Amino acid sequence: MYRKAISLIALSLCLNFVLQAQAPKEQGLQCINKQTAEAHISFLADDELEGREAGFQGGRIAGNYIVSTLKQLGISPLNDSYFQPFEVYNRERQKRQRFQVDPDSIAVIKNGVHQRLAMRNVLGKIEGKNKDEYVIVGAHYDHLGFDPMLDGDQIYNGADDNASGVSAVLQIARAFVASGVQPERTIVFAFWDGEEKGLLGSKYFTQNFPQMKLVKGYLNFDMIGRNNDEANPTHVVYFYTEAHPVFGDWLKNDIIKYKLNLTPNYRPWDKPVGGSDNASFARLNIPVIWYHTDGHPDYHMPSDHVEKINWNKLVDITKAAYLNLWNLANESTY
Ligand SMILES: [Zn+2]
């Protein structure tokens, strides 16, 4: 039943390609394209979303958009709902501290005058044949909001940070559906809220997911759409957990096999606990892969706009990561 239902959805997704007889993995790969990336990023980074600040209206609209897209793809919710709501707390603003999500810190903060925000992760899944193993692919969908005191452009659109990463997770979800085959392990598609306020969504998830010990790998995206150096437009940083050198081999081989136009900076890391939501997983010793195209002058500025995205690179990183995730979900060991 599963295979039949999935194939019908696949037909409606990528008709031209499904009609050609291709191996399942390649059938999914063909569905990853620039047009779809543009559709997602243009919506999420539009001024109407007001910079997608976690806990505010623009962020909630972004979450609703992601849920609608998952439903349209036929991706099931991980739990009863696609949304995983959580609350974060901070001391009143003159203390200039960070929002906290763990119960002990929250209990202390609540003793004094404090701030509270309601946030939501979005979580979907494709159930695997083996229900006792999970792999997770994720990107944060929140950004910095807007500042009414700024003179000029007041909206932090966050096209690269991190609408680019959200587009990759959504395209990979579609590609797995279009492949028409059930993966060995269950794949969780995760869209984190509150990353910019301190990795809050991924922290909450890793503290509360009952199957955390069954997670075999986590693949993260944060900023995959820009050039750090215009003279090297194929540059991408590829962080991965050093104890799994095969992660480096996978990318090297797939770049050759599928003619991907990427020049990775391979950075094996004993424990990738910095920078983004990968930290929440690396702290629990879960193997991590993390794609990132490095800093640029528009980083965390209102000028992080959609027209500056390097679409060819974004699409090739999405393809490379889909191939990584295929291995994470289906290879018996790594
Ligand atoms: Zn980010």
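**Exercise 1. Where is the place of Ala118, in which strand? Then decide whether Ala118 is buried or exposed.**

Before starting: this is a predicted model, in which local features need pLDDT of at least 70, side-chain atom pairs count only at pLDDT 80 or more, and totals for chains, interfaces and linings use all residues. Residues are numbered from 1 along each chain as its sequence is written.

- Step 1: Ala118 sits in strand S3, residues 114-126. Strands (E, at least two residues) and helices (H or I, at least four) are DSSP runs, numbered from the N terminus.
- Step 2: Get the rule for burial. A residue is buried if 20 or more other C-beta atoms lie within 10 Å of its own, exposed if 12 or fewer, and partly exposed in between, with C-beta atoms placed from the backbone.
- Step 3: Ala118 has 12 other C-beta atoms within 10 Å, so Ala118 is exposed.
- Step 4: Look at who touches Ala118. Leaving out residues up to four places away in sequence, they are Gly55, Pro85 and Glu87. Two residues are in contact if their C-beta atoms, placed from the backbone, lie within 7 Å.

**Exercise 2. Find the buried residues of helix H4 and work out why they line one face of the helix.**

- Step 1: H4 runs over residues 34-44, and its buried residues are Ala37, His40, Ile41 and Leu44.
- Step 2: Look down the axis of H4: the buried residues fall within an arc of 90 degrees, so they line one face. The arc is that of the directions from the helix axis to the C-beta atoms.
- Step 3: Recall the background. An α-helix has 3.6 residues a turn, so residues three or four places apart point the same way.
- Step 4: See what that face meets. The buried residues of H4 pack against helices H5 (57-73), H7 (159-179) and H11 (311-330).

**Exercise 3. Describe how H4 and H7 pack.**

- Step 1: Their axes are 9 Å apart, at an angle of about 135 degrees. Axes are lines fitted to C-alpha atoms, for helices over the stretch in contact, and angles run from 0 to 180 degrees between N-to-C directions.
- Step 2: H4 and H7 are therefore oblique to each other. Angles under 35 degrees count as roughly parallel, over 145 as roughly antiparallel, 65 to 115 as roughly perpendicular and the rest as oblique.
- Step 3: The crossing of H4 and H7 is right-handed. A crossing gets that name if the near helix is turned clockwise from the far one by less than a right angle, and is left-handed if anticlockwise.
- Step 4: H4 brings Thr36, Ala37, His40, Ile41 and Leu44 to the contact, while H7 brings Ala159, Ala163, Ser164, Val166, Ser167, Leu170 and Gln171.
- Step 5: Sorted by class, that makes 7 nonpolar, 5 polar and no charged residues. Ala, Val, Leu, Ile, Met, Phe, Trp, Tyr, Cys and Pro count as nonpolar, Asp, Glu, Lys and Arg as charged, and the others, Gly among them, as polar.

**Exercise 4. Now do H7 with H11, and H5 with H7.**

- Step 1: The axes of H7 and H11 come within 9 Å and cross at roughly 50 degrees, which makes H7 oblique to H11.
- Step 2: H7 passes H11 in a right-handed crossing. On the H7 side the contact uses Ser164, Ala168, Gln171, Ile172 and Ala175, and on the H11 side Leu314, Ile317, Thr318, Ala321, Tyr322 and Leu325.
- Step 3: The class count for H7 with H11 is 8 nonpolar, 3 polar and no charged residues.
- Step 4: For H5 and H7, the axes come within 10 Å and cross at roughly 15 degrees, so these two helices are roughly parallel.
- Step 5: Here Ile66, Thr69, Leu70 and Leu73 in H5 meet Val166, Leu170, Ala173, Arg174 and Val177 in H7. By class there are 7 nonpolar, 1 polar and 1 charged residues.

**Exercise 5. Is Gly165 buried or exposed? And which residues does Gly165 touch?**

- Step 1: Gly165 is found in helix H7.
- Step 2: Gly165 has 33 C-beta neighbours inside 10 Å, so Gly165 counts as buried.
- Step 3: Apart from residues up to four places away in sequence, Gly165 touches Ala139, Phe221, Asp222, Met223 and Ile224.
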